[in-house]
Amino acid sequence: MALAGVRVIELAGLAPAPFCGMILADFGAKVIRVDRTKVGVSLDRQARGKRSVAINLKSAAGVALLRKLCLQSDVVLEPYRRGVMEKLGLGPNELLKENPRLIYARLTGYGQTGSYAAAAGHDINYLAMSGLLSRLGRSGEEPYAPLNLLADFAGGGLTCAMGILLALLERTRSGKGQVIDASMVEGAAYTGSFVWKSQGTGLWGRPRGQNLLDSGAPFYDTYRTSDGRHMAVGALEPQFYAQLLHGLELAEADLPAQMSVSDWPELRRVFTERFASKTQAEWSEVFDGTDACVTPVLSFDDVSSHPHNRDRGSFLRDRDGQESPRPAPLLCRTPARPCLAPDPAVGEHTVQVLQEYGFTAAEIEQMLAAGVVERPGVASKL
Ligand SMILES: CCCCCCCCCCCC[C@H](C)C(=O)SCCNC(=O)CCNC(=O)[C@H](O)C(C)(C)COP(=O)(O)OP(=O)(O)OC[C@H]1O[C@@H](n2cnc3c(N)ncnc32)[C@H](O)[C@@H]1OP(=O)(O)O
């Protein structure tokens, strides 16, 4: 796999950093998640392919241990509030001095500098600060955060993974590591570059929810079908719009012009009525194989059995029977080979990993006994 041989230490976090770690693991990196001791269960639901070591970082020995792990690793990924790692003596100055090849990725909401740097927050706050949230939502309604996808995952975990890959690539030339300051505000904003850079085109000239791509246009929206499901319509270009009308059995001559914004409410009324006359399956049959840009809005239950997704094997089922998306993108020679085994329990690999990093059985036993590290069923001997 593309990242074979890359060793990553991921300090356990909430949602964005676990996603970043899972991407790296899916593509072949050896990712060790560092969990807290005495927590019992992990909240990480993106732990595919990771191993777990439980370390008490509130002990000097735990900190020393993490430093040793970082000495022999390529990447450390930390998701804490600004200053937390420095307070522990695990800041980039210390770790990069000991291992100048280390890539030190810091994934936070507001970044390492600026007046908000140390403030708590979540996806919705970062999205708000990126400017994007002000553009999301239907006309006349309040701004709406589309799950926690944009800041946590697109602008956060994924962007941070890209930073790590860039730093790994650059290291092949310089031999040096570096610090990555991944701010979810900036990552989300960057993901939204198109919106900024197309400001002068008239695409966004109207209030929220009244523009071409923000649910303002009737030919770029979703419609309810007679069975209470939905179809997604993205018929922007005139030639595709013509196919939409054909599928709906509507004559262009009987309707207002596609781009007549003042007539959009009327056009929407006509489309709404028409889509309500058939089931989702019936509309799928009408539009499949055309260029009308009309697709069913699939539920999680339906998505993997849709013929297109099934043909490509876009979703996988792990050994617990749980379905999830296959890693993307596909690399033809070195594709991801996601692990199908159950997620690691907290501390499940403590002993295995410490042995791999060169600790002796006596040293490991001592750390277990002192509560510096933990494994499930702590009391047992090596
Ligand atoms: C049963 C399963 C059910 C599954 C349900 C799963 C539910 C998941 C829900 C996910 C929701 C996701 C939401 C929408 C999100 O947006 S997540 C994104 C949140 N924001 C970030 O990640 C940005 C960066 N992080 C932060 O700003 C902050 O970490 C935070 C998220 C605001 C949380 O703040 P807070 O809890 O005060 O923690 P921090 O200041 O970061 O300090 C962390 C403290 O923990 C300690 N710590 C860490 N590791 C260890 C360890 N191994 N051993 C011992 N201690 C440890 C650190 O030393 C630090 O301690 P201290 O400095 O506070 O004393």
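Which residues form a nonpolar patch on the surface, and with about how much accessible area together?

1. The model is predicted. In it, M162, L166 and Y190 form the nonpolar surface patch, and together they have about 340 Å² of accessible area.

2. The ligand has 28 residues around it, of which R36, K58, R81, D123 and D152 come nearest. By residue class, the shell divides into 14 nonpolar, six polar and eight charged residues.

3. Several secondary-structure elements contribute to this shell. Helix 3 (84–87), strand 5 (103–108) and helix 5 (123–129) each supply at least two of its residues.

4. For R36, a polar side-chain atom is placed 2.8 Å from a ligand oxygen. In the case of Y80, an N or O atom of the side chain lies 2.9 Å from a nitrogen atom of the ligand. At D123, by contrast, the atom concerned is a polar one of the backbone, and it lies 2.9 Å from an oxygen atom of the ligand. Taken alone, the ligand would expose 1300 Å², and the protein buries 68% of that area.

5. A further point concerns N99, located in the loop that joins helix 4 (92–98) to strand 5. Is N99 buried or exposed? Its relative accessibility is 8%, so N99 counts as buried, the cut-off being under 20%. A polar atom of the N99 side chain lies 3.3 Å from the backbone oxygen of L71. Strand 5, at one end of this loop, is also among the elements that supply at least two residues of the ligand shell.

6. For the chain overall, the model contains 15 helices and twelve strands. The protein chain has 382 residues, and 46% of them count as buried. Along the principal axes, its C-alpha atoms fill a box of roughly 85 × 45 × 40 Å.

Methods. Residues are numbered from 1 along each chain as its sequence is written. This is a predicted model: local features need pLDDT of at least 70, side-chain atom pairs count only at pLDDT 80 or more; totals for chains, interfaces and linings use all residues. Side-chain values use heavy atoms; hydrogens and water are left out. A residue is near a molecule or strand if one of its heavy atoms lies within 4 Å of it. A polar contact is a pair of N or O atoms within 3.5 Å; within protein, one must be able to donate a hydrogen and the other to accept it, and residues adjacent in sequence count only if both atoms are side-chain atoms. Accessible areas come from the Shrake-Rupley method with a 1.4 Å probe; for residues, only the protein chains shown count as cover. Helices (H or I, at least four residues) and strands (E, at least two) are DSSP runs, numbered from the N terminus. Ala, Val, Leu, Ile, Met, Phe, Trp, Tyr, Cys and Pro count as nonpolar, Asp, Glu, Lys and Arg as charged, and the others, Gly among them, as polar. Patches are made of residues with over 30% relative accessible area and no salt bridge: like charges are joined within 9 Å, nonpolar side chains (Val, Leu, Ile, Met, Phe, Trp, Tyr) within 5 Å. A salt bridge is a side-chain nitrogen of Lys or Arg within 4 Å of a carboxyl oxygen of Asp or Glu. Buried means under 20% relative accessible area, exposed over 50%, partly exposed in between (1.4 Å probe, protein chains only).
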